Amino acid sequence: MRVARDLIWRTAETTGLNGLLRRRDPARLLVVCYHGICPDDSAERHWLLVRRGTFVRQLDYLRSHFRILPLDDALVELFAGDLEEPTAAITFDDGYRNNHSVAWAELRSRRIPATIFLATGLISTSSSLWTTTLEYAVRGSAQPVLDLREWSGPCLSLSSPALRSAAGHLAKEYLKNLPVTTRREMLETILARLGPSAVPAEFRFMTWDDVHEMGNGGLIRFGAHTVNHEILSRLDDAALDREVRESVSRVAALGPAASGVFAFPNGRREDFDDRALEALAGAGVSAAVTTIPGTNSPRSRPMMLRRLVVDEGMTLARFSAEAGGVIAMMHDAATNGRATAQR
């Protein structure tokens, strides 16, 4: 199935369909979202760790087919109606050290700007995201099952590496949807049962020295991504306001390297609510990016901007089809077809 899909995506590129769609509506902004970039010889496999070689090929594709601007500058042009050619902006979420140690060299050598959204409370710490901690605790556990039934969750088999990997993902997604206090209590119990496990070095966070070094080069800007990477809609009012205001304030202290854009953790529509939008406005945030797929037009809501989220398994053919709009076109056609059939 994947081979067949890739053939479709490659055909879209070689026949010029991707380019036709880009030129048909040049007033749209593509915002690309990465997380971690790891060396090609890294033994670690995780959906958010894109290999350096893959990253390079995607950068070169973007450079050949789009004008690449800093996100803040691109948004000014977008909402002024000044985009007249295919334009893209590159972003990274969380603030992993490999953004500095691996990705930055490739961006500098090509003079490509990017915006990195920082979970400010994790920078210059040895901590990892709770989601990462849980996933690797499940992957490394000697327990036969992960039983979440006492919390009305599933009972997951850990009898093979593949099942442990799947269980880690399912458990993480289940806990994400719970109120933060409930999740923290569950997580403490679950980790104690699973036993200790190390988080790979690929998930370490940058230091503030790394941030300042990158920002001083003028090519990289930094935006807020909350303090602790909490999903805002799961927080009470006081915690939500603190996560927004403290992260925005810490990033603003970077001066010219600070972006006015915020990135929602997790970034689905259900992960932020009206309270979050009000908190962002109160903190002086001009725009916010989600992980909702798609591109952006002058009619887009500045606080709900869409992005193309790149994962480790995304081939260049798929990337070009996503960036060019072919997949969105096919999705719209399928949606319209279903609606017509139901009439």
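This is a predicted model: local features need pLDDT of at least 70, side-chain atom pairs count only at pLDDT 80 or more; totals for chains, interfaces and linings use all residues.
Reader: Let's start with α7. How do you know that its length fits a helix?
Author: Helix α7 runs over residues 161-176, and at 1.5 Å a residue its 16 residues should span 22 Å. The end C-alpha atoms of α7 are 23 Å apart, which agrees.

Reader: Which residues of α7 are buried?
Author: They are R164, A167, G168, A171, K172, L175 and K176. Seen down the axis of α7, the buried residues fall within an arc of 165°, so they line one face of the helix. An α-helix has 3.6 residues a turn, so residues three or four places apart point the same way.

Reader: What covers the buried residues of α7?
Author: The cover includes α6 (130-140), β7 (145-147), β8 (155-157) and α8 (180-194).

Reader: A192 has its place in helix α8. Why is A192 called exposed?
Author: Exposed means over 50% relative accessible area. A192 has 62%, so it is exposed. In space, A192 and A137 are 9.6 Å apart, C-alpha to C-alpha, while 55 residues apart in sequence.

Reader: Now to α3 and α12. At what angle do they pack?
Author: Helix α3 (residues 52-65) and helix α12 (residues 316-324) pack at about 35°, and their axes are 10 Å apart. Their crossing is right-handed.

Reader: Which residues make the contact?
Author: From α3 come R57, Q58, Y61 and L62, and α12 brings L316, F319, S320 and A323. Sorted by class, the contact has five nonpolar, two polar and one charged residues.

Terms used:
Residues are numbered from 1 along each chain as its sequence is written. Side-chain values use heavy atoms; hydrogens and water are left out. Helices (H or I, at least four residues) and strands (E, at least two) are DSSP runs, numbered from the N terminus. The expected span of a helix is 1.5 Å times one less than its number of residues. Buried means under 20% relative accessible area, exposed over 50%, partly exposed in between (1.4 Å probe, protein chains only). The arc is that of the directions from the helix axis to the C-beta atoms. Contact means heavy atoms within 4.5 Å. Axes are lines fitted to C-alpha atoms, for helices over the stretch in contact, and angles run from 0 to 180 degrees between N-to-C directions. A crossing is left-handed if the near helix is turned anticlockwise from the far one by less than a right angle, and right-handed if clockwise. Ala, Val, Leu, Ile, Met, Phe, Trp, Tyr, Cys and Pro count as nonpolar, Asp, Glu, Lys and Arg as charged, and the others, Gly among them, as polar.
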